[in-house]
Amino acid sequence: MRVNRRELRARARGALRGNYSTAIGACLLFGVLAGLNRVVLTMCSLLYQTRSLLLEQESRPVVTETIRAVEILVFLVFCGVLIPGFQKMYLNICQKGKGSVGDIFWGFGEQFWRFLGLSLILVILGAVVHTPVAVLSAAMERGGAGEFPELFLSLYLPVIVLIGVWLCLDYCLLPFVLADRTELSLTEALEKSREMIRGNRMEFLILNFSFSGWYAAAFLFCGIGFLWLIPYVKCANLLFYLDLKEEGAISQE
């Protein structure tokens, strides 16, 4: 598909006109909820350490690390269920001309177990990928492991990064497919994402690289500019998906 990036960005700005307060409010609410999640779990860790001090017991590293692992797990699952709600909000903005902050909780409805399952799969995959790095890094710190860990990591990490980038491109449209095509199963949504992006990866990359100047400007404003930029980029990407969807529907007629 030939993409007119200037037109896509103009349409994204048009869709957000009158909806920026909703999009920014949703981003702020997500930040508050993510912060509360971190505060609660950090308090649990501090309470455990305080209890150990009061009882003059040595805090067990296993318990401390378990609390940290639970914190990361809860955060990832939390994000995995909320993020589809963001896509639903942007979908409503671009298709219906109006979205609401409450849309970000859409993932907690009928689709909850679907998104929870996907989040857990991603967490498990991340753990599997990270395990060799953690084990070999620990072996290198202890010494006596020879040159194998360093050689393995020097080859393993670049390969993992390349595979990760390729998979991200292959499934970059998956969040939009999940929000838009609720009748599809997870495997069907994965296949649909790959099918739609096939032959359009470079166009998608160039579209997102075209925002590089805006990212630099957002940094100059101490990150506050991202509250304006993220909805802009998301809407442009969503319109890219909707154009691909429309093109596919026309080609099937």
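Glu-195 counts as partly exposed, at 40% relative accessibility; that label covers the range between buried, under 20% relative accessible area, and exposed, over 50%, with a 1.4 Å probe and protein chains only. Glu-195 forms a salt bridge with Lys-192, and the closest N and O atoms are 3.8 Å apart. A salt bridge here is a side-chain nitrogen of Lys or Arg within 4 Å of a carboxyl oxygen of Asp or Glu. Both residues sit in helix H7 (residues 186–197), three residues apart, so about one helical turn separates them. Salt bridges that share partners also join Asp-170, Arg-194 and Arg-201 into one network.

Keep in mind that this is a predicted model, where local features need pLDDT of at least 70 and side-chain atom pairs count only at pLDDT 80 or more, while totals for chains, interfaces and linings use all residues. Residues are numbered from 1 along each chain as its sequence is written, and side-chain values use heavy atoms, with hydrogens and water left out.

Back to the charges. Side chains of opposite charge can pair when their charged atoms come close. The count of salt bridges comes to seven. One of them joins the side chains of Asp-180 and Lys-245, at 2.7 Å from N to O. Asp-180 lies in helix H6 (residues 174–180) and Lys-245 in helix H10, so this pair ties together parts that are 65 residues apart in sequence. Asp-180 counts as buried, at 16% relative accessibility, whereas Lys-245 is partly exposed with a relative accessible area of 30%. Then there's Arg-181, which forms a salt bridge with Glu-183, the closest N and O atoms being 2.6 Å apart. Arg-181 counts as partly exposed at 22% relative accessibility, and Glu-183 is exposed at 53%.

Now for the overall fold. The protein has 10 helices and zero strands, where helices (H or I, at least four residues) and strands (E, at least two) are DSSP runs numbered from the N terminus. Of its 253 residues, 36% count as buried. Take the contacts (heavy atoms within 4.5 Å) with a separation of 6 or more: 70% of them are between residues 24 or more positions apart.

The aromatic side chains are worth a look too. The structure holds 14 aromatic pairs; rings of Phe, Tyr and Trp (its six-membered ring) pair if their centres lie within 6.5 Å, and planes under 30 degrees apart count as stacked, over 60 as edge-to-face and the rest as tilted. Among them is the edge-to-face pair of Phe-211 and Tyr-232, 5.1 Å centre to centre with 90° between the planes. This pair links distant parts of the chain, 21 residues apart: Phe-211 is in the loop between helix H8 (201–209) and helix H9 (212–220), and Tyr-232 is in helix H10 (residues 226–252). Phe-211 and Tyr-232 are both buried.

Trp-166 lies in helix H5 (residues 148–170) and counts as partly exposed, at 47% relative accessibility.
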